[in-house]
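Here's a quick briefing to read alongside the model. Have the sequence and the 3D view open while you go through it.

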Amino acid sequence: GLYVNDHQQTGTTTLWGDRKAGHIQAVFNGHQASADGIAGWGDHRATLRLQLTLEWQAWNRASGQMIDQEAFAEFLEEHVGDVREPDGAELLEVATSIQASIGATMKSAIRLDTGQVQVAYEETIEARAGKAGALTIPTRVVLALTPYEGGQPYKVEARFRYRLANGALKLGVVLDRPDDVLKAAFADVVTAVEDDTSCTVLFGSPIGAS
């Protein structure tokens, strides 16, 4: 913001935001903003490059990955400070103590013409956590994550998942609409830049020299 304020030229300075590239670019000597304006070289530029935080990258990499219990507990232990609901320590205890077993219940019985009885079974997974199975296993988790370095944390909701296959328990989380959080975070950066520079940020790529 300070660099733009020091170098901006009335009528020729424009700001351009590109969310996918993660940057906002200032062009100081662009075309004059008038119908008969003089064409500028557009080669005096400055770029604000936004850096994704390590915690944002870590949770996004983990999203949708079902991993073994020990690996998930280790991941959660490293990032427990990002958890808001349920309490981070409680979620970690759930992750380390959850036990699951497969059972089967009779779903239906149909008497056939032959006199035989056809029985269908439905598999169920029974899971419990904590001492004597007293802990509630959450279905959803609320995180507080900061997408961009130097930014503010945002509420990010996630689904807590567990799966039992071939006797092996897998755990994981799935973030809800993380791209929407990035959009909101980028929009807030744009607003802050506009407030600091009194320039409107346009979206796209500037025309001219790069």
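**Sheet and helix briefing**

I67 sits across from L171 of strand 10. That pair belongs to the antiparallel pairing of strand 4 (residues 67-68) with strand 10 (residues 168-175), which runs over 2 bridges. Strands here are DSSP E runs of at least two residues and helices are H or I runs of at least four, all numbered from the N terminus; two strands count as paired if DSSP finds at least two bridges between them.

**Ground rules and confidence**
- This is a predicted model, with residues numbered from 1 along each chain as its sequence is written, and side-chain values use heavy atoms, leaving out hydrogens and water.
- Local features need pLDDT of at least 70 and side-chain atom pairs count only at pLDDT 80 or more, while totals for chains, interfaces and linings use all residues.
- The protein chain has a mean pLDDT (the predictor's confidence in each residue, from 0 to 100) of 76, and 62% of its residues reach 70 or more.
- Residues 1-7 have pLDDT below 50, and beyond near neighbours in sequence the stretch has 14 contacts (heavy atoms within 4.5 Å) in the model.
- Residues 33-43 also stay under 50 in pLDDT, with 17 contacts beyond four places in sequence.

- Five strands make an open, antiparallel sheet, ordered 4-10-9-8-5.
- Strand 4 and strand 5 (83-85) are the edges, each with a single partner strand, so one side of each has no neighbour in the sheet.
- Strand 9 (residues 154-165) runs antiparallel to strand 10, joined by 8 bridges, and A165 stands opposite A168 of strand 10.
- The hairpin of strands 9 and 10 has 2 residues between the strands, and N166 takes a positive phi near 55 degrees there.

**Helix 3**
- Which residues of helix 3 (residues 69-78) are buried? They are F72, A73, F75 and L76, where buried means under 20% relative accessible area, exposed over 50% and partly exposed in between (1.4 Å probe, protein chains only).
- Looking down the axis of helix 3, the buried residues fall within an arc of 160 degrees (taken from the directions from the helix axis to the C-beta atoms), so they line one face of the helix.
- E70, E77 and E78 are exposed on the other side of helix 3.
- The buried residues of helix 3 pack against helix 2 (54-62), helix 4 (88-97) and strands 4, 5, 9 and 10.
- At the start of helix 3, a side-chain oxygen of D68 comes to within 3.2 Å of the backbone nitrogen of E70.

Definitions and conventions:
A polar contact is a pair of N or O atoms within 3.5 Å; within protein, one must be able to donate a hydrogen and the other to accept it, and residues adjacent in sequence count only if both atoms are side-chain atoms.
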